[in-house]
Amino acid sequence: MKRESLILILFFLCGVFFFGFVFPKYQEYQDFKKALEEKKNIKNILEKNLETLQAIEKKSENYKETIEKISFLNNEENLIPSLFYFLQKDGNSAGVLINSINFGDISKSENGEKIKELPFEIKMSSSFGSFLSFLERLENSMVIINFEEILINKKQEGDTLDVSLRGKIFF
């Protein structure tokens, strides 16, 4: 009986050791494993979000010029220099020699309170094809332009035209 009671006491001590020391450490390990899994899931979600943001950033680079065109319309004090640069740049790209650009005073549009208009007059020299290319560039820009008068005079020498545009830019 001594042997049986010794075995029984040994099993009991093993059980106490297991449930007192090993099992709590095993529970800690399981909790740590769950927390690690949650952190990995969060990391994967953040990586996917980062990839999405990078894709959006790449797409926005395609629209950078459009964003710049829109942004200058929001700042009224930089509007006229920005429009001057925009018209000169598009004129040069189209092959048009802009002789003068005159802007009038900014006023509120008759069509609505929030819309403002800026009268302008542009005098230029160009070939007919270059003039059409310039008009196409203006049409495809983010600026709303209403031409009120277009005067075209042909110069005596060559295919050069003297063109005068008068209208309003709405913003």
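**The nonpolar core and its surroundings**

Me: Which residues touch the most other members of the largest nonpolar core?
Reply: This is a predicted model. The largest nonpolar core holds 22 residues. Those that touch the most other members are L83, L87, I98, I122, M124, F134 and L165.

Me: Which element gives the most residues to this core?
Reply: Two or more residues come from each of α3, β1, β3, α4 and β5. With five residues, the element that gives the most is α3.

Me: What is the overall pattern of helices and strands along the sequence?
Reply: The protein has four helices and five strands.

Me: Of the 171 residues, what percentage count as buried?
Reply: Contacts that span the sequence give some context: among those between residues at least 6 apart, 58% join residues at least 24 apart. Of the 171 residues of the protein, the share that counts as buried is 22%.

Me: How far apart are the end C-alpha atoms of α3, and what span should its 16 residues have?
Reply: Helix α3 covers residues 79-94. At 1.5 Å a residue, its 16 residues should span 22 Å. The distance between its end C-alpha atoms agrees with this, at 22 Å.

Me: Within what arc do the buried residues of α3 fall?
Reply: The buried residues of α3 are L79, S82, L83, F86, L87, D90, G91 and A94. Seen down the helix axis, these buried residues line one face of α3, because they fall within an arc of 160 degrees.

Me: Which residues are exposed on the other side of α3?
Reply: One side of α3 carries buried residues, L83 and L87 among them. Just after the helix, G95 takes a positive phi of about 90 degrees. The exposed residues on the other side of α3 are P81, Y85 and N92.

Me: Which side chain of opposite charge is nearest to D90?
Reply: D90 belongs to helix α3 and is buried, yet it has no salt bridge. A salt bridge requires the nitrogen and oxygen atoms to be within 4 Å. D90 touches F134 and R137, leaving aside residues up to four places away in sequence. At 4.5 Å, the nearest side chain of opposite charge is that of R137.

Me: What separation along helix α1 lies between E47 and K43?
Reply: The side chains of E47 and K43 meet in a salt bridge, at 3.2 Å from N to O. E47 is partly exposed, at 36% relative accessibility, and K43 is partly exposed, at 48%. Because E47 and K43 are four residues apart in helix α1, their separation is about one helical turn.

Me: How many residues apart are R166 and E148?
Reply: A salt bridge joins the side chains of R166 and E148, at 3.2 Å from N to O. The pair links distant parts of the chain, R166 in strand β5 and E148 in strand β4, and these residues are 18 apart.

Me: Which residues do salt bridges that share partners join into one network?
Reply: The side chains of K168 and E148 also meet in a salt bridge, at 3.7 Å from N to O. K168 lies in strand β5 and E148 in strand β4, so this pair ties together parts 20 residues apart in sequence. Salt bridges that share partners form one network of E117, E148, E149, R166 and K168.

Methods. Residues numbered from 1 in each chain as written. Predicted model: local features only at pLDDT ≥ 70, side-chain atom pairs only at ≥ 80, totals over all residues. Heavy atoms only, no water. Buried < 20%, exposed > 50% of the residue type's maximum accessible area, 1.4 Å probe, protein only. Lys, Arg positive; Asp, Glu negative; His and termini not counted. Contact = heavy atoms within 4.5 Å. Core = buried A, V, L, I, M, F, W, Y, C linked by side-chain atoms within 4.5 Å. Expected span 1.5 Å × (residues − 1). Arc of directions from axis to C-beta.
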